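Keep the sequence beside the coordinates as you read.

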Amino acid sequence: MRIEAQVLERIRALPPEQQEEVLDFIEFIRSRRPIPAKDRPMGLCKGEFRVPDDFDAPLPDEVLRDFES
């Protein structure tokens, strides 16, 4: 007998309040395993913005102070 059929057979034999507990447990199990995100296609925002030439330049001292406080 397949696992799905065994599970259904045993769930059907439970009283309704225990069936609700099984349903809650299933939702708990599903919440522990995140659904993998789909990869976004490359170049999705192509042409919508430009990265400045000084993107990786050191930040000014006044900006750095804001991060350090």
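**An exposed chain of helices**

At 42% relative accessibility, F28 falls in the partly exposed class. The classes are set by relative accessible area: buried is under 20%, exposed is over 50%, and partly exposed lies in between, with a 1.4 Å probe and protein chains only. F28 sits in helix α2, residues 16–32. Together F25, F28 and I29 make a nonpolar surface patch of about 290 Å². Patch members have over 30% relative accessible area and no salt bridge; like charges are joined within 9 Å, and nonpolar side chains (Val, Leu, Ile, Met, Phe, Trp, Tyr) within 5 Å. Accessible areas follow the Shrake-Rupley method with a 1.4 Å probe, and for residues only the protein chains shown count as cover.

A word on the basis. This is a predicted model, in which local features need pLDDT of at least 70 and side-chain atom pairs count only at pLDDT 80 or more, while totals for chains, interfaces and linings use all residues. Residues are numbered from 1 along each chain as its sequence is written, and side-chain values use heavy atoms, with hydrogens and water left out.

Now step back to the whole chain. Its secondary structure comes to three helices and zero strands. Along the sequence the pattern reads α-α-α. Helices (H or I, at least four residues) and strands (E, at least two) are DSSP runs, numbered from the N terminus.

How does the radius of gyration of the chain stand against that of a compact globule of 69 residues? The chain has 27 Å, whereas such a globule would have a value near 11 Å. The radius is taken over C-alpha atoms, and the globule rule is 2.2 Å times the number of residues to the power 0.38. Along its principal axes, the C-alpha trace spans about 70 × 35 × 20 Å. Of the 69 residues, 0% count as buried. The chain exposes about 7500 Å², and carbon and sulfur atoms supply 57% of that area.

Next, the charges. The chain carries 11 positive and 16 negative side chains, and the centres of the two sets lie 11 Å apart. Lys and Arg count as positive, Asp and Glu as negative; His and the chain ends are not counted. Each charge is placed at NZ of Lys, CZ of Arg, CG of Asp or CD of Glu. On the surface, E17, E20, E21 and D24 gather in a patch of negative charge. E21 belongs to helix α2. With a relative accessible area of 54%, E21 is exposed.

How many salt bridges does a search of the whole structure find? There are two. A salt bridge needs a side-chain nitrogen of Lys or Arg within 4 Å of a carboxyl oxygen of Asp or Glu. R2 pairs with E4, and their closest N and O atoms are 2.9 Å apart. R2 is exposed at 60% relative accessibility, and E4 is partly exposed at 47%. R30 pairs with E27, with the closest N and O atoms 3.7 Å apart. R30 and E27 are three residues apart in helix α2, so about one helical turn separates them. R30 is exposed at 53%; E27 is partly exposed at 41%.

I35 lies in the loop between α2 and α3 (61–68). At 74% relative accessibility, I35 is exposed. I35 and Q19 are 16 residues apart along the chain, and their C-alpha atoms are separated by 25 Å.
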